[in-house]
Amino acid sequence: MLAFLISVPSGTEMEVLVMSNLGRVGVWSMELRSAGRPQVRDAAAELGELGWNTIWLPGLDGGGVLDDVDHLLGAAPGSRVVTGVLNIWGQSAAALTGRVAELDAKYGARTVVGLGIGSPAGATAHGQDYGKPVTSMARYLDELTPGREPGTGRGRGTDRQPGLGADRLLLGALGPKMVDLAVARTGGWHPFLVTLAYVSAYRKMVGPEPLIAPHQAVVLDTDQNRARAAARAGIGMFLGFPTYRNNLKRLGFGDDDLVPGGSDRLIDALVAHGTAEDVARRVQDHLDAGADHVALHVITSGGSGLPLAQWRELAFLNH
C-alpha cells in the first residue's frame, strides 16, 4: 500500500504547455539514439506521418543527447522531443539553457527537458559531489530558473540570464521527496518502471494539475513465454539498480519478485505484452489511473534495430 505525503503548492497556477501539447501517447526509444543518422531521420519523419508527435529520448550517459534532439527536431517538424531523462551532471545549467535556446531559435519551442539525478558514480565521473539527491536537483533547478517568484518555484528568467520555465521541465522522479520537488518546481514528472497502482496513488495525492507521464514498456508478441523473455532482456538490467528496486518494494513487490530478470508477476505488471489491443488497454488503464501521457517503449524479440513495424501497428493509439 502506498502512503506518501506530497505537498502541492496552493494557489500556484501550473504552466500548461507541456500538458496540453504532448498528447496521450508518445514513443520512448533507445534505438533513435543508437541507429545511424539516415535511419533515424527517415524513422522520425515516418513517426510524424503516423501521428507519433511526441518522441522521448533516454539520456543514457548524457553524452550527445541534445545533438540527437537537434537531429530529431529537424527530421520531424511537427514533433516535440523530450529527454527522458538527461543526467544533470553532464552539463552545467547555463550550458543546458543556452543549448535549448539554440534549439528554440532553429525549430521553435518544441523541446522539453526531463532531468534525472543519476548516480554517485555519474557525479564523480564529472568531478562533482553527488550530495543529497533532492538538494542537488533543487540547486540545479535554481540555476536553470533564475529570478524565481518567491514561494512558487516558477522560473521567470531575467534580461541578463534567461531561464527555462516550469512548462519546459520534467523530473525523472520516483519517490515522494523527488516527486514533491517535481510538483513544486517543474511541469511534472516521468516515472520509469512503475505500475498502474503507482500512477493512481500519486494522482490522488498531487491533484489534477502536475503532469504524470509514465514510461511503459511493451512487447507485441502473443506467446507469453517469448514475450516475457524479451521483456527481461529489455528491462531486466534496471531491476538491479537500487533506485528502482526500492521503488518497487514500496509498490509491494518482494525479494521473490526482485530476482535477476524479475518474477513473472513483476514483469507482467511492468510490461504490457500481447496484441496491439492489449497494449491499448494498458495505455487506457494508465490514463484512467491519472496519467496525462504514456511514453511507450517498444521491446522486440531478438532485435536491436528500430521497431518500425511495431510503431506502425500501434499508430492507431494516436487517434
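Two strands pair if DSSP finds at least two bridges between them; strands are DSSP runs (E, at least two residues), and helices are runs too (H or I, at least four), both numbered from the N terminus. This is a predicted model, where local features need pLDDT of at least 70, side-chain atom pairs count only at pLDDT 80 or more, and totals for chains, interfaces and linings use all residues. Residues are numbered from 1 along each chain as its sequence is written, and side-chain values use heavy atoms, with hydrogens and water left out.

**Exercise 1.** Find the partners of strand β8 and describe its surroundings.

*Solution.* 
- Step 1: Start with strand β9 (residues 271-274), which runs parallel to β8 and is joined to it by four bridges. Here L220 has G274 as its bridge partner in β9.
- Step 2: Now turn to strand β10 (residues 294-298), which pairs with β8 in the parallel sense, again over four bridges. Q216 is bridged to L296 in β10.
- Step 3: Check burial (buried means under 20% relative accessible area, exposed over 50%, partly exposed in between, with a 1.4 Å probe and protein chains only). In β8 (residues 215-220), five of the six residues are buried, so the strand is largely enclosed by the rest of the structure.

**Exercise 2.** Decide where to read the model with caution.

*Solution.* 
- Step 1: Look at pLDDT, the predictor's confidence in each residue, from 0 to 100. The protein averages 89, and 87% of the residues score at least 70.
- Step 2: Where pLDDT is low, the predicted coordinates should not be read in detail.
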